[in-house]
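The entries follow in the order in which I made them.

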Amino acid sequence: MKKKTLFAAFAVSAAMFLIGAVPVCAANEKYAELHGDTIVIPHELVVDKNATTVHDAKFTFSVDGFRNTDDPDYLFKGPNGASVTESLTYSDEDVEGASAEENSGKKTVKKEVVLDLKNVKFTDVGIYRYVVTQNLETGSHVTWDSNPRYIDIAVVDDGNDKLKVDSVLFRTDPESSPSKTDRFTNSYTANTLTVAMQVDGNQSSQNKFFKFTVKLTKKTGDDPSAITDVTPIKVSGPESGLSSVSSATSYDVEEINAANSITSITCEDLAKGHVFYLRDGQSLVLADIPAGYGYTVTEVREDYQPAVAVSGDTVYDKKTGVHVNDGVLTAYTTVTFTSKRQADISTGVMVAVAVPALLLLTGVVGAGVILSHKRKGRQ
């Protein structure tokens, strides 16, 4: 009898345990899995409005779940399954096609980084955090946003025992308040140097080529070998393919064509100096010079009176009639050289020419009058 009573008591206890266990299991399985969606992270590259290249700047991205040990209990490391755009590349075509902003002097190339959470399963309420990291894989002289983006996804009960994403917040630091920006913003700063040639004066030949030497400099030192940057600079403007030059030009047509025929030059090579030849009304344009470099431009004077004017970056180290030295180029800049040769026409020369001509004219008129009288006498 005692054995039956003991068994009955055990059975009741077991039943009560099973009955009590059901709500626990039900609680764990209260919510159906919620699959994530996609989150778009804007990506920008800001360039100068006249820029034509960023030398194919390539950015790469990675994503991971993230949680600090002292984070609150309701903040969880994002579940596995998230993926992100592997890379973005900005080409010359992207830069050329961007619209310039009216007042800033800049233009912004826009792309998108996609965080894909479709393979992620959320099973309960909470805040789930991911970190997206950006790196610059290739691209010279790009200032890039190295701060990761922490993305908090708030999952809540919708009031009907179902999960929903309530909000998505971006942070630039896991401990900071939500960021006002949800994007990666990067920049490429470059400038254009234009060397313009003009002649003036009644003895100045518009067909004459003048010789210029252009050098790229950097504050790290005057030694050109210190610059090993092979970033290309676009060259346009100088005339080449000439078959001949006028007698006013002091240089051979072959050397002019050889010097003026290049369409690109590296920072390293320009640091060693390059010669160009320009005549009246022509300009040398060196585009997309990376930020941080300076320049020197020197003209061979010959027998002209030289003058030079600078517009754009008007803060320079030294300027003479045939030379400009600017340690750091900070804006789109035009250096205009004007060579003048003027000669006053002497009054004595004019008389020496005019008197014989007048005598000749008088003689012709006089001869005509005599012949006319002779004809009349015969009649």
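**Entry 1: the pocket.** I looked up the second largest pocket and found 14 lining residues, with Y74, L75, R129, D152 and R171 nearest its centre. A pocket here is an open set of points, on a 1 Å grid over the protein atoms alone, where a 1.4 Å probe fits and protein lies on both sides within 12 Å along at least five of seven lines; lining residues have an atom within 4 Å of a point. I noted a volume of about 170 Å³ for this second largest pocket, a volume being the space filled by probe spheres set on the points, which are joined across faces, edges and corners.

I then asked which strands supply at least two residues each to the lining. They are β9 (126–138), β11 (149–157) and β12 (163–171); β12 gives the largest share, three residues. Strands are DSSP runs of E, at least two residues long, numbered from the N terminus. By class, the lining holds seven nonpolar residues, one polar and six charged; Asp, Glu, Lys and Arg count as charged, Ala, Val, Leu, Ile, Met, Phe, Trp, Tyr, Cys and Pro as nonpolar, and the others, Gly among them, as polar.

**Entry 2: basis and confidence.** The model is predicted: local features need pLDDT of at least 70 and side-chain atom pairs pLDDT 80 or more, whereas totals for chains, interfaces and linings use all residues. Residues are numbered from 1 along each chain as its sequence is written, and side-chain values use heavy atoms, without hydrogens and water. I read an average pLDDT (the predictor's confidence in each residue, from 0 to 100) of 86, with 83% of the residues at 70 or above. Where pLDDT is low, the coordinates should not be read in detail.

**Entry 3: the five-stranded sheet.** I traced an open sheet in the order β5-β7-β2-β13-β10, with mixed pairing. Because β5 and β10 (142–143) each have a single partner strand, one side of each is left without a neighbour in the sheet. Two strands pair if DSSP finds at least two bridges between them. β2 (38–48) and β7 (106–116) are antiparallel over 11 bridges; V40 is partnered by V114 and V47 by K107. β5 (83–84) joins β7 by two bridges, also antiparallel, with S83 opposite D116.

**Entry 4: the six-stranded sheet.** I found a second open sheet, β17-β16-β19-β14-β24-β21, with mixed pairing. Its edge strands are β17 (264–266) and β21 (305–311). Within it, β14 (190–200) and β19 (283–290) run antiparallel, joined by six bridges, and V195 stands opposite L284.

Technical notes. Helices (H or I, at least four residues) and strands (E, at least two) are DSSP runs, numbered from the N terminus.
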